[in-house]
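Please read this note with the model open beside you. Go through the points in order and find each residue as it comes up.

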Amino acid sequence: MSILIDENTRLLVQGITGSEGSFHTRRCMEYGTKVVAGVTPGKGGSLFDGVPVFNRVEEAVKETRANASMLFVPPAFAADAILEAADAGVPLVVCITEGIPTLDMVGVLRYLKEKSTRLIGPNCPGLISPGKCKVGLMPGDIHMLGEVGVVSRSGTLTYEAVAQLTELGIGQSTCVGVGGDPLIGTNFVDLLRLLEGDSQTKLVVLIGEIGGTAEQDAARFIKSEMSKPIVAFVAGSTAPPGRRMGHAGAIITGSSGTAKEKIAALSAAGATIASSPAEIGITARKVLEGSA
Amino acid sequence: MGSNPTPSVFSPFMLHEEVNLFQLEITKRGVRNMKIHEYQAKEMLAKYGIPVPQGGMATTPAEAEEIASQLGGKVVIKAQVYAGGRGKGGGIKTAESPEEAERLAQEIIGMRLVTHQTSDKGVPVEKVLVEEAVAIARELYLGIVIDSAAAQPVIMASEAGGMDIEEVAAKTPEKILKAYVHPAIGFQSFIGRKLAYGMNLDPKQIRPATQLIGNLYRAFEDSDASLVEINPLVVTPDGRLLALDAKLNLDDNALLRHRDYPELRDPGQEDELELEAAKHNLSYIKLDGDVGCMVNGAGLAMATMDIIKLVGAEPANFLDVGGGANDEMVTSAFTILLSDPKVKAALVNVFGGILRCDIIARGVIEAAKQIELKVPLVVRMRGTNAEEGMRLLAESGLPVILAQNLKDAAEKVMAAKEGRLTV
């Protein structure tokens, strides 16, 4: 198995004709992802590398039975595009777009509560189930089919972690970048739950960073509901405090935004901490050998 | 009031005639909240009917004197800086006369104000707000932010106003009332009443307070703020409510529908190199160490800083060139990195994905041509077009130390800084 995407994924791309959309759609197709449709309002009826382009998502889904969407729509229109995909009943929407106004996402996340659509992102690199399907920006060739699930708030740091795993001969089941924005559709806990239930996954690598409480939430879930081992790294131990968080924002999160607090919470929940970003792969190998 | 709660998410910002203006590339920008001054925040809140003290902004002692004499009576001179804790740092003073206002403004304008929110060097004061002094009976707190866990705006109110609200939250969290605003319903009067009664206001203040909270919420929503705060919101002895201080941070992501916001920015309050970086759409934060680094992606950039520290050095900066960088952006980034005089060695760590390693290599080579490279440079490249990037660097004739992986890179930059390793 794997989670969220596999060989049965039929991908549609919103914003397929834009420069980023077309570039990454081609990379996904090269990897083996079944891209069945594109959507760009006004360009319906045309073809993109043999893939039919539609004006609207609803139409595209009806004609092609697409069951996932990858979104490269500019930030001013991205909220609208996510809502359109959810309205059309697309079960999985992966929003790559960075820079969506926060208040737009407040409305989007509320709307999604009434729908069965799962949103990954926004401001994320996407996800990959190695050897099966890639929906995102990550370089496909650093991945390898295997038993480690990777969940991360970062893009390139995830590539770094995955490359370390692959170099040690440790493959991955599914790797997901949840996105760097404060408001995201799918969080660590959602993904840990899916990976806990995935028979292919034997270990999970979690890559966190400073800000928010996602790592503490994950730690609570790990302690109470995860049977699979976790290896964690939290970036930003050297980051200066107060550069991103406003005064009142800190009321909500308190001092929990620091790397130290997050590492302590994950460690107390039983996760094995990689103390250096260069040791994520090695730490995973040690834990896998220990649990074998 | 509360009759027009349309959430901005459904507002007509998606008008199609604006398409061309908004055809922005999806580029990596640092998540930053744009700050504005107190006097600007008060001007904005006043437009929403929120009562603020009378006053004006002055950039010279003479202007301060003029405003003070227009106001008549006792005035308060407040340093305008992007930091809190101004009172304790000597940035807020009371004057009995216009002459005293001029003298105090003379002292404050031009000083470097050090508070618990600034570095030891403080921030420069170029402007002061001259306001009527207000008699205070009670000090309250009002603030609005987006609670990311709940994915909803939350309005916070407290009777413990005028204090460091983080401290109140940490020590006596029960003193902070919270009310969430449902995105489909928007602000409603009952939310305002809940907070107004919760703050134990006088019966005759309930209605104006409810109205004020509603107006504050509309200001927050219309301006796409990431934070709005009135601390303190005072009750005067005659029972009026007044926003004695105001803070408004704007969501950088929403600049696309507020094209006038960049004009509100005060470049004098920001680090010169950080401003230069922002111009090129780069995310740069200056730190105190001596190992400069340039990385693609915020997470990897932070991890690179972490590993620099782990090998015993201190990072000089955070610099994320992002995913959509071109040669020119990389050249600017590398130039900015090297203009920090503290930098004794530089590390370029790139994991090519969207961003190709050969683009980074070309940018670095171009920058090194423009400015003399005086410090050792360690480069580690992986991912898309890494071999091409490494080849370009090797053939450029630049004294570049190539590294195999993250650990190797960190160890080499440390060794190079200490003169133990040369090309």
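The points below go from the overall picture to local details.

1. Ground rules. This is a predicted model: local features need pLDDT of at least 70, side-chain atom pairs count only at pLDDT 80 or more, and totals for chains, interfaces and linings use all residues. Residues are numbered from 1 along each chain as its sequence is written, while chains are lettered from A and ligands numbered from 1 in the order in which they are written.

2. Chain B overall. Chain B has twelve helices and 19 strands. Both are DSSP runs, numbered from the N terminus: helices are H or I with at least four residues, strands are E with at least two. The C-alpha trace of chain B spans about 80 × 50 × 45 Å along its principal axes. Of the 423 residues in chain B, 51% are buried. A residue is buried if 20 or more other C-beta atoms lie within 10 Å of its own, exposed if 12 or fewer, and partly exposed in between, with C-beta atoms placed from the backbone.

3. Contacts in chain B. Take the contacts in chain B with a separation of 6 or more: residues 24 or more positions apart account for 71% of them. Two residues are in contact if their C-beta atoms, placed from the backbone, lie within 7 Å.

4. Where the chains meet. How many residues of chain A are in contact with chain B? The count is 59 residues of chain A, in contact with 71 residues of chain B. On the chain A side, α3 (75-87), α4 (102-112), α5 (156-167) and α8 (249-253) each supply at least two residues. The largest share, seven residues, comes from α4(A). By class, this side of chain A has 30 nonpolar, 19 polar and ten charged residues. Here Ala, Val, Leu, Ile, Met, Phe, Trp, Tyr, Cys and Pro count as nonpolar, Asp, Glu, Lys and Arg as charged, and the others, Gly among them, as polar.

5. A helix pair in chain A. Two packed helices are described by the angle between their axes and the distance between the axes. α3(A) and α4(A) pack at about 5°, with axes 10 Å apart. Axes are lines fitted to C-alpha atoms, for helices over the stretch in contact, and angles run from 0 to 180 degrees between N-to-C directions. α3(A) and α4(A) are therefore roughly parallel to each other. Angles under 35 degrees count as roughly parallel, over 145 as roughly antiparallel, 65 to 115 as roughly perpendicular and the rest as oblique. Among the contact residues are A:I82 and A:L83 of α3(A) and A:V108 and A:Y111 of α4(A).

6. A helix pair in chain B. The axes of α10 (residues 357-370) and α11 (residues 386-395) of chain B come within 7 Å and cross at roughly 20°. So α10(B) and α11(B) are also roughly parallel to each other. The contact includes B:I360 and B:I365 of α10(B), and B:L392 and B:L393 of α11(B). Its residues divide into seven nonpolar, one polar and three charged.

7. The nonpolar cores. A nonpolar core is a set of buried Ala, Val, Leu, Ile, Met, Phe, Trp, Tyr and Cys residues joined through C-beta atoms within 7 Å. The largest has 214 residues, of which A:L71, A:I82, A:V94 and B:L319 touch the most other members. α3(A) gives the most to this core, with nine residues. Leaving out residues up to four places away in sequence, A:I82 touches A:L71, A:V93, A:C95, A:V108 and A:L119. A second, separate core of 25 residues includes B:A83 and B:V130.

8. Backbone details to check. Most residues other than glycine have a negative phi, and most peptide bonds are trans. Which bond joins A:G121 and A:P122? A cis peptide bond, with omega about 10°. A:P122 is in the loop between β7 (118-120) and β8 (126-129) of chain A. Another cis peptide bond joins B:N231 and B:P232, and B:P232 is found in strand β11 (residues 225-235) of chain B.

9. Positive phi. A:R65 has a positive phi of about 55° although it is not a glycine. A:R65 counts as exposed, with 11 C-beta neighbours inside 10 Å. Phi of B:N385 is also positive, near 55°. B:N385 is partly exposed, with 18 other C-beta atoms within 10 Å.
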